[in-house]
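Subject: Structure for you to look at

Hello,

Here is the structure I said I would pass on. My notes follow below it.

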Amino acid sequence: MGQPEQPESASSVSRRGFLKGVGATALATGALAQSGLAATALAPRTANAEPPAAPPVPLFGPAPVAVKLDINGKVRELRLEPRVTLLDALRNHLDLTGAKKVCDRATCGACTVLMDGKTVYACTVLAVEAQGKKIETVEGLAEAHGGNAPIQKCFVANDAQQCGFCTPGFVMACEGFRRGHAGASREEVLEGLGGNLCRCGTYHGVANAVLDVLDAAKGGK
Amino acid sequence: MNAFEYARPATVAEAVGLLSKQEGETAPLAGGTDLLSLMKDFLVEPKRVVSLMGIEPLAEIAVGASELRIGATVTLDALLQAGFLNQWGAKWPALWHAAAGIKSPQLRAMGTVGGELLQRPRCWYFRRGHGLLAQDAKGESLVPRGDHRYHAIFGNAGPAKFVHPSSLAPALIALGAEAELVSPRGVRTVKVEELYRAPQAAGERETTLAADELLTAVVLKKVAPKSATYEVRPRQGLDWPLVAASVALELDGGKVKAARVALGHVAPTPWPVDAAALVGKPLDEAAIGAFAVAALQGATPLAKNAYKVELAQVAIRRAFAAALKGI
């Protein structure tokens, strides 16, 4: 994590001014957990009488704080409010607009990206929470292959899109599935794509694209 | 979404110390799959969000000599992949079935056991800002005269008409699991069913947790019976079940030694069903069918959700069949 900033808070929650400048790095490495201070937090506290040994857990925001994201193998440093989602960070701050904002409620899958190899809804991950994770977007997929990746070529070959708005999310969901499911059946493919919706109904082509890419990986057609 | 300050403590004690006693002031964050949506719709507006994802022990499954402890931030994926579910001869299939019923890989990768148990109701009146009790200006419920096809058929005599959305809770209740709670006042352990209550007045929550209390783990006894969960759902893909039934059985020479049954999506809380009538009797199709009918005897469906009575009977029968078959 980057250097935290401790701006004046509009919050009514009590704050501890002496903590200004305490780094999140120390927290991430567990140094605070070993400081022996943690146990005192179980003692009842009041807003007026802070125990001097209260655990120095840094607070970030609500104003923008330094956020470091590992996106497609590159470290990107940003200043974001803690409320900014990973999807908004990608689209509005990094100009990576492949992941789409559709339902914005962890349902439709149009914002799907990979985080540490697992598919997630970028609309529902806070950017601050994505720090330290390896994030892969559809832009990175194409970049790594110097053009369309195998799964994207299979989308084209199987006519696996219609209006195309859900497609980048579907491509990433398929890529995430493909990596852990060599030899998957059609039923398993459909089950594995349960987190994405397509209003045009291209599921048949999408499933064929995944089956083709799995086939190609084992030296088939 | 309103702005908030954010903390990422490394221990449970630190996390609890950052939570306010006042309801709604602060919010613990795990997978975020429900909390972020609630914040975007201004249904919860915490001034401080406390991430639990930096607390490593909370993400662990610990296999003890006599019990299994599942940390609150263990993801649904990690739960499904945990060796204990297979290595011990599928000891808790009811829990596996319930977790596998959450059909989105993204939600399984992000969502946690604790978050799944404490997600807020999906009642569309609540989600559209009419409050948990969905009352109009005169304090009358909008639900009986509105669209309540997914609402409660049990426990709906009071002002709460929503159904609790948890998939894991009925399974954990049938399996006799306990929940571990930590607050500034210390640690307490309750049965999973005791986490929930039907709110009786506006502003009341559907859980028994204090505002500054964290669910840290669920604990299962290692001696596990035959069990299963059966969900009746409107489609194969991602959606909440219409009804679900979880059963756990101990048999002795073909006769029931102990049976525990809980229903999901039928009441404002997960709904345990008294199965004492089965004890000492052989468990054949007739006995299961009679039990399923009796279990729904006290149902009080609204005008448009009586169909759930029959579906719940079907879910009970199929859950028993799956438990006996050992699927």
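How many residue pairs are in polar contact between chain A and chain B? The count is 13, with both residues of each pair at pLDDT 80 or more. Please keep in mind that this is a predicted model.

The interface

Chain A puts 47 residues into the contact and chain B puts in 43. Between them, about 3800 Å² is buried, and carbon and sulfur atoms account for 59% of that area. There are five salt bridges between the two chains. One of them joins the side chains of R105(A) and D41(B), at 2.6 Å from N to O.

On the side of chain A that touches chain B, at least two residues each come from β1 (59-60), β5 (118-121) and α6 (186-192). β5(A) gives the largest share, four residues. Sorted by class, that side of chain A has 23 nonpolar, 14 polar and 10 charged residues.

The two chains also pair through strands. β1(A) runs antiparallel to strand β1 (residues 5-7) of chain B, with two bridges between them. In this pairing, L59(A) is opposite A7(B).

Strands within chain A

Strand β4 (residues 112-115) of chain A pairs with two other strands that I looked at, β5(A) and β6(A). With β5(A) the pairing is antiparallel and has four bridges; V113(A) faces V120(A) across it. These two strands make a hairpin with two residues between them. In the turn, D116(A) has a positive phi of about 50°.

The pairing of β4(A) with strand β6 (residues 134-136) is antiparallel as well, over two bridges. Here M115(A) stands opposite I135(A).

As for the side chains of β4(A), T112(A) and L114(A) point one way, while V113(A) and M115(A) point the other way. All four of these residues are buried.

One residue in a helix

T167(A) belongs to helix α5 (residues 167-180) of chain A. Is T167(A) buried or exposed? Its relative accessibility is 10%, and the cut-off for buried is under 20%, so T167(A) counts as buried. Leaving aside residues up to four places away in sequence, T167(A) touches F155(A) and Q161(A).

Then go to β4(A), which is joined to β5(A) by four bridges.

Regards

Technical notes. Residues are numbered from 1 along each chain as its sequence is written. Chains are lettered from A and ligands numbered from 1 in the order in which they are written. This is a predicted model: local features need pLDDT of at least 70, side-chain atom pairs count only at pLDDT 80 or more; totals for chains, interfaces and linings use all residues. Side-chain values use heavy atoms; hydrogens and water are left out. Buried means under 20% relative accessible area, exposed over 50%, partly exposed in between (1.4 Å probe, protein chains only). Contact means heavy atoms within 4.5 Å. Buried area is the accessible area (1.4 Å probe) that two parts lose on being put together, summed over both. A salt bridge is a side-chain nitrogen of Lys or Arg within 4 Å of a carboxyl oxygen of Asp or Glu. A polar contact is a pair of N or O atoms within 3.5 Å; within protein, one must be able to donate a hydrogen and the other to accept it, and residues adjacent in sequence count only if both atoms are side-chain atoms. Ala, Val, Leu, Ile, Met, Phe, Trp, Tyr, Cys and Pro count as nonpolar, Asp, Glu, Lys and Arg as charged, and the others, Gly among them, as polar. Two strands pair if DSSP finds at least two bridges between them.
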